[in-house]
Amino acid sequence: MLLRQVGAGAAAGVGLPRTSLLLSAIEPSPGEHAEGPVRLHLNENAWSASPKATSAIRDGGATAANRYPGAQEESLRSRLADLHAVSPGQVVLGCGSSEILRMAATAFSGSGRKVIVALPTFESISDAARRAGTEVVSVPLRSDHAHDLDEMLARTGADTGLVYVCNPNNPTGSLTRRRDLERFLQRLPTTAYVLMDEAYHHYVSGSSEYGSFLDHPVDNPRLVVVRSFSTIHGLAGLRIGYAVASADTARLLAACRVPDSVSGVAAMAAIAALDDTVHVRTSASRNADDRQEFCNQANARMLRTIDSHANFVMLNTGRPAVSIIDHFATNRVLVAGPFHGYEKYIRVSLGTPAEMREFWRVWGLLPLVHGMTM
Ligand SMILES: Cc1ncc(COP(=O)(O)O)c(C=O)c1O
């Protein structure tokens, strides 16, 4: 049974000073994680949902319940269109960005067409494409963990329906440089669509190499940029995400959508979350601190991490990840992996300080490996 209170007496972690303002606004509520395993496997916002979003659910949720969600969906599309300076027709909503990835696989792949992806990357689009009878071409990441765009281009041909780029990439947390991506887009055959997944966009800080294709658009009618409300906004449980594309491409995507797949409550919460700039700022700042603290703890144990620009970190455990993941699961801490080419790594989502103390306590229960300090 994975039901247990997280050890209140877990070893004390050494925290960096918390620099962000208004952190109390996103302190986890008392009693959180009173039951169940520590969830460090799904890259959720461990701290909280946007408080404005939860107020919107409380205040307006009941009134939206007996109607189909058309009105709220339209309001959200307009809000997103304003935010990204596009027309509402260029915005497609999904039941999580997962639904958008499936729409893209349905719209742009199929028998006789290929989908090009990195390896490892977020698997959802490859899974959907394979189910649609599409050949998935997986191109290993470069040694610096960026997408190998030259090789992806070399593998792209007239039969390529879709190229998937996840930036920052899940599971590595690594970036692919904006200028390389721009050059790549210019050189792609005009038959290939590109899905740029920016699910972790808000966690990137201070990298001149990174540039969002929503914040700094390029003129490419086949580019689809996707964001999720599950990450920084903390709305994973409500299932909502969106895509922005040219009007024609958006129409092709939307044709593959389940009608009314986004609930009115989720749409209302998403609008409020977009307005909650304090929550976005504090969550990003908090995450940067937590990421640094995780790396400090790893360094103190002579463990290596991959430089992360997201709300999770890949940790080189120095031994087969499968056994480490089992060890953590047995101790009621869930972590992710293993991943192709990264067989000794686990992906650890950044949790609350109590959760991370539990993570390191459980790490300390592992038998010693030569040269590594627990
Ligand atoms: C890169 C990436 N894209 C999309 C998703 C799907 O997120 P959601 O459907 O919750 O919006 C995830 C979830 O982990 C992800 O990591």
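This is a predicted model: local features need pLDDT of at least 70, side-chain atom pairs count only at pLDDT 80 or more; totals for chains, interfaces and linings use all residues.
Local features are given only at pLDDT of at least 70 and side-chain atom pairs only at pLDDT 80 or more, while totals for chains, interfaces and linings use all residues. Residues are numbered from 1 along each chain as its sequence is written, and side-chain values use heavy atoms, with hydrogens and water left out.

Colleague: Which element gives the largest share of the lining of the largest pocket?

Modeller: A pocket here is an open set of points on a 1 Å grid over the protein atoms alone, where a 1.4 Å probe fits and protein lies on both sides within 12 Å along at least five of seven lines, and its lining residues have an atom within 4 Å of a point. The largest pocket has a volume of about 510 Å³, and of its 27 lining residues Leu42, Ser98, Phe122, Asn170 and Tyr200 are the closest to its centre. Two or more lining residues come from each of helix H3 (97–108) and strand E5 (160–166). The largest share, 3 residues, is that of H3.

Colleague: How many charged residues are in the lining of the second largest pocket?

Modeller: This pocket holds about 360 Å³ of space, and of the 22 residues that line it, Arg142, Asp144, Ala146, Leu175 and Arg177 lie nearest its centre. Asp, Glu, Lys and Arg count as charged, Ala, Val, Leu, Ile, Met, Phe, Trp, Tyr, Cys and Pro as nonpolar, and the others, Gly among them, as polar. By class the lining has 6 nonpolar residues, 6 polar residues and, as charged residues, 10.

Colleague: What percentage of the accessible area of the ligand does the protein cover?

Modeller: Among the 13 residues around the ligand (a heavy atom within 4 Å), those that come nearest include Ser98, Tyr200 and Ser228. Polar side-chain atoms lie 2.5 Å from a ligand oxygen atom in the case of Ser98 and 2.6 Å in the case of Tyr200, and a side-chain N or O atom of Ser228 is 2.7 Å from an oxygen atom of the ligand. Of the 390 Å² of accessible area that the ligand has on its own, the protein covers 90%.

Colleague: Is Ser283 buried or exposed?

Modeller: Ser283 is found in helix H9 (residues 277–300), and its side chain is joined to that of Asn45 by a polar contact of 3.4 Å. Buried means under 20% relative accessible area and exposed over 50%, with partly exposed in between (1.4 Å probe, protein chains only). Because its relative accessible area is 6%, Ser283 is buried.

Notes. Helices (H or I, at least four residues) and strands (E, at least two) are DSSP runs, numbered from the N terminus. A polar contact is a pair of N or O atoms within 3.5 Å; within protein, one must be able to donate a hydrogen and the other to accept it, and residues adjacent in sequence count only if both atoms are side-chain atoms. Grid points are joined across faces, edges and corners, and a volume is the space filled by probe spheres set on the points. Accessible areas come from the Shrake-Rupley method with a 1.4 Å probe; for residues, only the protein chains shown count as cover.
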